[in-house]
Amino acid sequence: MRPDPSRTRGRGGSVRTGGSSGRARSAPRASATRRWRLVRARSDAVPPSVRRFMRRARQRRLRAALPWAVPAGLLALAAIGAWLVLGTGVFGVREVRVVGAQLLTPAQVREAAAVPEGSPLARVDLAAVGARIEALAPVDRVTVRRDWPSTLVVEVVERVGVAVVPQERQFAVVDHTGVVFRVVAEPPDGLPTLRVTSPGPDDAATRVGLTVLATLTPQLRERLIEVDVDAPARIRLLLDGGRTVVWGDASQGEAKARVATVLLDRESGVIDVSVPDVITIS
């Protein structure tokens, strides 16, 4: 009879089966498994000298990083600020405030300024805005400035009329440079009439007529009704009471004005001061 291979005889005659042998071999592997556990050491487990060394090392690292950290932080803040100011509508235009406009309405000035609401205030081209507003005929000069955080201030200085030029059934108002900036149905009070064919800053007759106006004395200006410029060398002043001052050309204006002023009290219809050294009264 063959022996059972699953049964073996050990020392002392004991019999072990294959099954019990398998269980006996698996037990040592289970007992050999190690389980690790992390345990936090107490603070006094690290020697004081090591702790001091580590603390000094951290301080050295902080001191080494500090010179770079501060500029980097400032640059980051500057970049954020620039983005807010230039790239967003946080500081955008909320109001266009118009100062000094009388002949024009604030709405007309804002329309000429053409600044969209919400545009970044810092990116508004002030010179371009001023140029667009100065293109309006009544505007002599303009100043545009920013009023943070959200207002654009436009200060307008309008032209001042010095004479009116009759044109058919209307009157063109000109300033001291000859620019026509208004056309009205009735002449404004206090402005003399300037009779020229084509008023404008490039018109020779307009220029000489305004030059004569600028040299008149207050007495002559008070009585003046009209400056008639037939040609640059044929200028006449029409005064109240039907009197006429023959002026000639625009030269020697101050001398002519002084002589004509002295002769205002004389009984005469025509005073010729075209040659101020030789006066003719008739």
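**Close-ups around strand E11**

**View 1. The hairpin of E11 and E12, with glycine 241 on show.** Glycine 241 takes a positive phi near 80 degrees in this hairpin, where 4 residues lie between the strands. This is a predicted model, in which local features need pLDDT of at least 70 and side-chain atom pairs count only at pLDDT 80 or more, while totals for chains, interfaces and linings use all residues. Residues are numbered from 1 along each chain as its sequence is written, and side-chain values use heavy atoms, with hydrogens and water left out. Strands here are DSSP runs of E with at least two residues, and helices are runs of H or I with at least four, numbered from the N terminus. E11 and E12 (residues 244-248) run antiparallel, joined by 4 bridges; two strands pair if DSSP finds at least two bridges between them. Look for leucine 238, whose bridge partner in E12 is threonine 244.

View 2. Strand E10 (residues 224-231) runs antiparallel to E11, with 6 bridges joining them.

**View 3. Stepping back to the whole chain.** The chain holds 7 helices and 14 strands. Of its 282 residues, 30% count as buried, meaning under 20% relative accessible area with a 1.4 Å probe, protein chains only.

Technical notes
Buried means under 20% relative accessible area, exposed over 50%, partly exposed in between (1.4 Å probe, protein chains only).
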